[in-house]
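Hi,

I am handing this structure over to you today. Please look at it first, then read my notes below.

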Amino acid sequence: MIRAQWSGLLFVALVACAAAAPQDDPSRLAQARAQLRRGAYDSAATTLGELASSPDSAVARSARHYHVRALAERGRYDDAEGAGRRYGASALVPLGDVLRTRGRLAAAESVYARAVSARAADSLTAHGRLGELRLDRGDRAGATRIFDRFIDIYNTRQGRLTSAELLAVARATRHLGTTDPQLFKDALRAYDAAIAADSGNVDARVELGEMFLEKYNGPDARQMLTGVLRENPSHPRALLGMARALAFDGAPGADSLVRRALSVNERLVDARVMLARLRLDSEDYEEAEREATRALDTDPGSPVPHALIAASRYMRDDRKGFEEASRRALERDPRSVVLHTTLAEVATRNRRYQDAITFSRQAVALDTSSALAQGALGMNALRLGQFDVARAHLDRAFARDPYHVWIKNTLDLLDTFGEYRETRTNRFHLIVHGREAALLSPYLLDLLDEAYGKLAARYGYEPPTPIRLEVYRSHGDFSVRTVGLPGLGALGVSFGSVLAMHSPSARQIGEYNWGSTVWHELAHAFTLGMTDHRIPRWLSEGISVLEERRARPGWGADTPLGFLVAYARGRMPPVSRMNDAFTRPAFPEQTALAYYQASLVVEMIEEHFGARAMTDILKAYRAGDGTERVIQRTLKVTAQQLDKQLDAYVRERFARQIAALGAGADDASDAPPRGQFISLIAEGRGLIQRGQHAEAIAVFERAKALFPEYAEDESPYRHLAAAYQATGDLKRAAAELQAHTLLNESDYASNLALAEMMEQLGDRAGAAAALERAIWISPYDPTVHTRLAEHLAATGNHKKAVRERRAVVALDPVDRAEARYQLARALADAGDRVAARREVLMALEEAPSFERAQSLLLELRRAGSTTP
């Protein structure tokens, strides 16, 4: 009986052990943690929940910690908090993190303090969190006292700290770096050490990527975050970091990455904040406020969402709402610069540059030690051309944060300004590099004066002068000036009465027309000024492109094939969402195509509603109306009706072209068009290669009739010119090439070829026009200027001939004496004998025995002695 009872008890015990063993299995814990690292959050949470429910053990305690984290990663904050409270000492830090995420700072502080006093395994992390809570409340001195201890801990326990503890040290030293920037290097070393100690410490890798983003070090940030996403494509914060990097670079995809992060955790505050920022960029202020409000559903006191709500209300002229949101943004820390730097950033991104500098000054007044505030004021002063103010504040920002790439690059650029030469008139200040000033400035001043006069007459408005134009010899310098980092794709930018653009030497020949760019940017000065900087970006760009077309034949004129294909496939936005294409493009080429579409909108409005409609629209924006209200007030239609009108306009105007491209709504979005136009181009090319020029001409004429606005790489006009030239019909060849150059603003080679044809045909005026178009693409060939000067002189345009001869001198030719002599000859022909005498004397300084120069000098002296 006793033996039987003992056997029964043994059997029960063995069954119990067998049942309990999996619940306390270290391998299952490792598997669950691996799932967590891969982004299988729900599977990990299930396994960890099972392990956490077993009797107290090392496995159970670890499972409880990670279970709370897994629930929090999915935004299940109620479940995470409930689990954390049940688990007690095993999950104090994760519980505190959940409470802090939800804005319950006092409760979080209590939990962290318990972890510290209990000497929990993660007590060092808890101690760091207590310092961060003090920072959240504006107690910088108290936070610093806590963070300072981490330096001693790192120095005394080096080599004995776990990866999690090294991460706590990294965070603490990173915070200390705001007052002692050299500690950022220590933070970097601590992050690296944490990752080296445990490559699976995803938090360390993500936080390091975020620190790189804070310093505008995009390449290192992307490298770090890409590595995380390679292992866990669903990591919310890594997705968010990549979205920030894309948004700064102006690349498409930021919006979709944020959406992916929210699909994992729909309550992620920073993701909602990012969406709100993107909506503010698109000038969708109401939707921006809705996203910020969703962030507040998780953390009602978070300062950044309140600041974004304040920005949204400010942009809508809701002063009462703005003041209320601003008050809420400062509740946690009245000395925080977050509100005013956020307002400054939103104002800048919406082209309200004067407002941005006002907000930046308020941020500096709140905290003069803030590198963020000093940098914001410096950058915004720079945008308004206040260089002394900008330099002073950027220097202060750099002293506090020398690892901020944007600020460093901007200061490096300012150091080069001594190499630039300033040319002043009553209306304009030109800032051009000394090597190019003598060449470019005369063209720029003539064009700017012409554009100013025509635009002022059209819009009945004159922007404040002087207007400053800065011309940069490298794309990197231009990008630093306009954004802060290399990578900006734009050719020019307008801050109102301060313009910046690439020099023609900064771009490859054939991809840039510096004349049309000047006209485009000056047009922005008019539309921004006329609307008090309230005009939507898409409309300002559309007006500028249309003004290019009005300025010169060929400028802004060609209809991109890619636009018609994208439009036919439904990939271009309606008028009511045009800003999206500029601020969050759906595909890489969308922004470039949207410039042309925006110009069509303006063209359609003027055709349908009259020439004054656009002036009325600009005045309505100045009055503070939003786009829907502006459309209703000025055009008497709704935004949706205008959407339909544009669609009908485009499809009617380009019906033949779209059909010829064979592009339809059912096509794959990235499939190349395969319509009749494409087939004819291919057929014609084949005929030319076989020498069948007459047959090729017939084919290319058919292609041209299908799409007469096309003047890109496979332009039928250019092919026809080659075919006609091969048959000896130079006149027809010149006519086709001329038609091509009057559509394509940047085809340098075709303009030179056309000039040569015109010279052979004896058409000096036609040759001069082609050469002048070539110069607006690239002005660096002295022979082009020489040829143009000869044609201009022969046709009696002596003033422009002088300009061309001056350009030859500015290009520092080998025979400087000849160049000076020709300039003197041109000046004499133009009637400026004083300047001619000065130049001929300089020619004789170069070559004292230069007989033609001596003769010209005598001629000028004789003419001078007979002058009354």
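**Salt bridges and domain contacts**

Asp 255 forms a salt bridge with Arg 584, with the closest N and O atoms 3.5 Å apart. A salt bridge here is a side-chain nitrogen of Lys or Arg within 4 Å of a carboxyl oxygen of Asp or Glu.

Some ground rules. This is a predicted model, so local features need pLDDT of at least 70 and side-chain atom pairs count only at pLDDT 80 or more, while totals for chains, interfaces and linings use all residues. Residues are numbered from 1 along each chain as its sequence is written, and side-chain values use heavy atoms, leaving out hydrogens and water.

The protein chain is assigned domain 1 (25-206), domain 2 (242-417), domain 3 (418-530), domain 4 (536-674) and domain 5 (814-868). These bounds come from an automatic or database domain assignment.

Now the interface of domain 2 and domain 4. Their C-alpha centres lie 30 Å apart. In contact are 11 residues of domain 2 and 11 residues of domain 4; contact means heavy atoms within 4.5 Å. The rule finds one salt bridge across this interface. On the side of domain 2 that touches domain 4, helix H16 (residues 269-281) gives the most, with three residues. Helices are DSSP runs (H or I, at least four residues), numbered from the N terminus.

Over the model, the salt bridge count comes to 79.

- Arg 171 and Glu 207 meet at 2.6 Å, N to O. The pair links distant parts of the chain, helix H10 (residues 163-176) and helix H12 (residues 202-214), 36 residues apart. Arg 171 and Glu 207 are both buried (under 20% relative accessible area; exposed is over 50%, partly exposed in between; 1.4 Å probe, protein chains only).
- Glu 470 and Arg 468 meet at 2.7 Å, N to O. Both are buried.
- Arg 550 and Glu 606 have their closest N and O atoms 2.3 Å apart. Arg 550 sits in helix H28 (residues 537-551) and Glu 606 in helix H31 (residues 590-609), 56 residues apart. Arg 550 is partly exposed, at 34% relative accessibility. Glu 606 is buried, at 17%.

Salt bridges that share partners also join Arg 100, Glu 132, Asp 136, Arg 171, Glu 207, Glu 210 and Arg 237 into one network.

Glu 736 is buried, with a relative accessible area of 8%.

Best wishes

Terms used. Helices (H or I, at least four residues) and strands (E, at least two) are DSSP runs, numbered from the N terminus.
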